[in-house]
Amino acid sequence: MKRSRINNMFFMVVLILTVSACQRDLPVTVKDDSLPEYDPTPFKYDLPAYAPRLPRAPADNPTTYEGVSLGRMLFYDKKLSGDNTQSCASCHNQANAFTDSGRRHSVGILGIEGKRNSMPLFNLDFADRFFWDGRARSLEEQALMPIADHSEMAENLPQLVEELKADKRYPAKFYAAFGTTEISEELIAKAIAQFLRSMVSFRSKYDSVRFLNKGFFSESEQRGYELFFSESGGDCFHCHSEGNLLFSTFTFENNGLTAASQIEDFPDPGLGSVSGLTEDYGLFKVPSLRNVALTAPYMHDGRFATLKEVLDFYSDSLHYSLNINYSNLKRSHLEVGGMKLSEDEKWDIIAFLHTLTDGSAIRDSSYSDPFK
Amino acid sequence: MKIRIPRLTLLTFSLFLVSALGACKKEGCTDPAALNYDALAQRDCCCEYASTATLSFKVNPEFGNSPFEFGKTFYHNSGTPFKINFSAFYFSGFVFLSDTGEVLLKDQYVYYRGDSSGFQLTDVPSGQYTGLRFFIGIDSLANYSNLPAQYEASHALGPKTPLMHWSWNAGYIFLRFDGEVDTSLVPDDIMDDALSFHIGTNKYLSSVTFNKSFSVNENTQQVLNLSIDYEQFFEGIALRNNHVTHTSDFPDLTNKFWPNISKAFSMP
């Protein structure tokens, strides 16, 4: 009898301890000024086990749910353009892996057509330079560039800050994300960077077959997979490497689009326009091939309307050009104009490329328009 | 209705059970990595481990007798001028040899950028050694098990730029040399073509053994010297006409290059 009373007491103590442990997770002490305590929640990526580990966000802009939520709102808000008619999403449509719905060049609010093709926005945090020419060194640096660009959203940034201050929804969102209601260009950039960083895509058919042993490649897809990795086949993998699971080395390369014997021959100098270095002329960022079937047209200038045109190019139309990296693109291939693929081989590689499409990412509601 | 088992019975029974189980199990160290590992032991206790230390390698990259540098023009012994603009190697499977046997250092991989001045191995068991053996390349298990993305970014086998991994079926590039070569019949030091040796696959895993006595202990910092002679890598290769192989595309050149690999490494 006595023992069971001790047992009961012990049980009670454990119960109390457990309950009090739970209470620690409960929010929130409210401060005098009616704003809740600034206590953002670290963002957790929903990534499959085989996915690469994300590089960490910069120390001064850790990814949080509050920051991502604010960034998402900004991404879809037309206030971010000069005449409030375009948002980031106007040229980065989720259904097209955040490219511009098949357009070769996007048209800004002033009717100016850009010269490069809108880039897909998944898995961005794996690269360390952004845009086709690598002009931004971080997502934070990248975020404001299209907003301020005269040929794109043509917004006056100080004016944007005022517009957001006047919108009742934003000061509280900024407070939740950054602990201040003081809206600034820097914080706008940080929030958008957080949203971009949160967008990941690693659930394609390729992933299922390769890592989850779910389903099989069709015969054509399998042949395409092998050709992709064969030096005597498509030889795609030197630049579009599988090793980081992103199908890109994220280096800058000249893929033989333009015959150039001097730097003046490049209609668009690419990385050369950023660095000014002769050896960087004609180099462009190697894009990830994840979701590539959704991101037509192709190349930095969107010159190829279809993947078939891309394969035709690599098969037969490569040009000798300055600054080609012959460790990646072999001279023996260039000498004969390309990889010399048969029509069947091209279609096999295209079939494989379609296995890199991630249907869940383009439908993921956490990346979609919050105003709808 | 609840069945009540008298408390005393329950207590006695549990005590009996516990002591009975304990009696069946031989106590000893169950960790094979420990010094006093007992293969018959079932209940773990009292493992004793060897002390370990960090072992540093000071690497001396040379070309013949002059210091090796990326981007510097060197002259092949056939007279052909060439440059190496980038190189990197993997080392793995370190085995420490001693009079009493061999100690394998498990799961340590070294990514060595070809012009750097050294690397370190950690958790090397203390001891008096008579030699050292290691692979230039990656053992077959690790070569095909994971993709680089599945390692931490800082891991030797994680993603590298430039690429040190081909694909799931070809595995890692064990040695990578990228450069340029002067292919003129009369050399003019103007580089006309790319040099690219990417060597890998199990077949071309090299192993080197050095007889060298050294000791490893917790208290003193041991440094071993390793020389890499870039002249040796290209010994006997007609570089003017043969300067590209990615292993399987030009097997003749790969077969010629392969024996040079182990000769390029020495421990003075």
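A: Contact, as the word is used here, means heavy atoms within 4.5 Å. By that rule, the contact between the two chains takes 26 residues from chain A and 24 residues from chain B. This is a predicted model, in which local features need pLDDT of at least 70 and side-chain atom pairs count only at pLDDT 80 or more, while totals for chains, interfaces and linings use all residues. Residues are numbered from 1 along each chain as its sequence is written, chains are lettered from A and ligands numbered from 1 in the order in which they are written, and side-chain values use heavy atoms, with hydrogens and water left out.

The extent of the chain interface can also be given as buried area, which is the accessible area (1.4 Å probe) that two parts lose on being put together, summed over both. Between chain A and chain B this area is about 2000 Å², and carbon and sulfur atoms give 56% of it. On the chain A side, A:R53, A:G243 and A:S327 lose the most area to chain B, together 25% of what that side buries.

A salt bridge is taken as a side-chain nitrogen of Lys or Arg within 4 Å of a carboxyl oxygen of Asp or Glu, and three are counted between chain A and chain B. A salt bridge is formed by the side chains of A:R331 and B:D193, with an N to O distance of 2.2 Å. A polar contact is a pair of N or O atoms within 3.5 Å; within protein, one must be able to donate a hydrogen and the other to accept it, and residues adjacent in sequence count only if both atoms are side-chain atoms. Between the chains, 13 residue pairs are in polar contact, both residues being at pLDDT 80 or more.

The elements that give two or more residues to the chain A side are α1 (2-23) and α8 (205-211) of chain A. Helices (H or I, at least four residues) and strands (E, at least two) are DSSP runs, numbered from the N terminus. The largest share of that side, three residues, comes from α8(A). By class, the chain A side has 10 nonpolar, nine polar and seven charged residues. Here Ala, Val, Leu, Ile, Met, Phe, Trp, Tyr, Cys and Pro count as nonpolar, Asp, Glu, Lys and Arg as charged, and the others, Gly among them, as polar.

Chain A also has an interface within itself. Its domain assignment gives domain 1 (65-200) and domain 2 (205-356), with bounds that come from an automatic or database assignment. The contact takes 24 residues from domain 1 of chain A and 23 residues from domain 2 of chain A. The centres of these domains, taken over C-alpha atoms, are separated by 28 Å. Together the two domains bury about 1900 Å², 58% of it on carbon and sulfur atoms. A:R104, A:R129 and A:W132 supply 30% of the area that domain 1 of chain A buries against domain 2 of chain A, more than any other three residues.

The rule finds one salt bridge across this domain interface. A:D268 forms a salt bridge with A:R116, the closest N and O atoms being 2.8 Å apart. The domain 1 side divides into 10 nonpolar, seven polar and seven charged residues.

Some backbone details complete the account. Most residues other than glycine have a negative phi, and most peptide bonds are trans. A:F131, however, has a positive phi near 75°; its place is in the loop between α2 and α3 of chain A. A:F131 counts as buried because its relative accessibility is 15%, where buried means under 20% relative accessible area, exposed over 50% and partly exposed in between (1.4 Å probe, protein chains only). A:S101 has a positive phi of about 45° and lies in the loop between α2 (65-75) and α3 (139-143) of chain A. At 37% relative accessibility, A:S101 is partly exposed. A cis peptide bond joins A:A296 and A:P297, with omega about -5°, and another joins B:T161 and B:P162, with omega about -10°.
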